[in-house]
Amino acid sequence: MTRSNLLAVLVALVCVSVCTGLVAAADLLADRHSTRGLGCASCHGTTGPQTAVTAATCIACHGAYTAIAEKTARLDPNPHASHRGELACGECHHAHQPSVDFCAQCHDFGFKVR
Ligand code: HEC
Ligand code: HEC
Ligand code: HEC
Ligand code: HEC
């Protein structure tokens with residue numbers, strides 16, 4: 001491989017990692033709230049980001065579990081109405097990291113949690 005080819009490969013690699021990073025950053029739940037005008041304080045309140053955000057904060061805007069379950073009634077099974085009861089939102093929805101499918105520990109429903 002010539003030196004210029006090597007350089008081209010390196011540039012391509014850097015671009016791929018930076019660009020994927022940007023896409024991932026814009027796709028996190030906290031950023032998608034910010035995009036809708038809901039900044040840090042809408043979840044973290046006045047106590048600052050060091051204080052953990054509990055499910056009660058999410059429920060204050062999104063409504064109780066039963067209301068949220070109605071919005072995902074299209075999903076079978078419903079991730080918000082299961083034998084696991086009223087799980088903390090953070091078992092699936094992460095604000096600053098990719099969200100996870102809690103149920104996948106035991107099942108293969110293929111939930112894609114935003
Ligand atoms: C949709 C609600 C929400 C919004 C909006 C939000 N956060 Fe968070 N934040 C959380 C939750 C929930 C956690 C706990 C960790 C997690 O779920 O990712 C957290 C954790 C944190 C932490 C602790 C470190 C970590 O990553 O766990 C910091 C620092 C933080 N947030 C800063 C911010 C800042 C700065 C903003 C505004 C740019 C912001 N947050 C907006 C919900 C939110
Ligand atoms: C200050 C009000 C507010 C708080 C607090 C809040 N949200 Fe939201 N959230 C919204 C609004 C408004 C939308 C956009 C409309 C909708 O989809 O309901 C939204 C959208 C969402 C969506 C849809 C995904 C998307 O990006 O389109 C999810 C999932 C969500 N919120 C989860 C959470 C979780 C989990 C928490 C707690 C960590 C939280 N929200 C805290 C107001 C809030
Ligand atoms: C077992 C995993 C899991 C838990 C726990 C969970 N969710 Fe979800 N949630 C999902 C999945 C899967 C979807 C559908 C895909 C998406 O929109 O993320 C969803 C969708 C949503 C939506 C979008 C609904 C719409 O309009 O399409 C909101 C809002 C939401 N969840 C809020 C919450 C809140 C608030 C909590 C805690 C009270 C919570 N979720 C707990 C898995 C979960
Ligand atoms: C720790 C393991 C575990 C987790 C996590 C878990 N389940 Fe289950 N689930 C089970 C077991 C065990 C059964 C009973 C299996 C049987 O007898 O068929 C079951 C049965 C079910 C059933 C009925 C049988 C089927 O497979 O259709 C549904 C629906 C279900 N779970 C949904 C969920 C949902 C939604 C979540 C996430 C909110 C979840 N489960 C999380 C272990 C788990």
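Student: By class, how many nonpolar, polar and charged residues does the shell around ligand 1 have?

Tutor: This is a predicted model, where local features need pLDDT of at least 70, side-chain atom pairs count only at pLDDT 80 or more, and totals for chains, interfaces and linings use all residues. Residues are numbered from 1 along each chain as its sequence is written, while chains are lettered from A and ligands numbered from 1 in the order in which they are written. Ala, Val, Leu, Ile, Met, Phe, Trp, Tyr, Cys and Pro count as nonpolar, Asp, Glu, Lys and Arg as charged, and the others, Gly among them, as polar. The shell around ligand 1 has nine nonpolar, nine polar and no charged residues.

Student: Which elements give two or more residues to the shell around ligand 1?

Tutor: In total, 18 residues surround ligand 1 (C-beta atom, placed from the backbone, within 6 Å of the ligand). Helices are DSSP runs of H or I, at least four residues, and strands are runs of E, at least two, numbered from the N terminus. The elements are helix H2 (29-35) and helix H3 (40-44).

Student: Is Cys58 buried or partly exposed?

Tutor: Cys58 sits in helix H4 (residues 55-62). A residue is buried with 20 or more other C-beta atoms within 10 Å of its own, exposed with 12 or fewer, and partly exposed in between; C-beta atoms are placed from the backbone. Cys58 has 18 C-beta neighbours inside 10 Å, so Cys58 counts as partly exposed.

Student: What separates the C-alpha atoms of Cys58 and Cys89?

Tutor: Along the chain, Cys58 and Cys89 are 31 residues apart. Their C-alpha atoms are separated by 7.7 Å.
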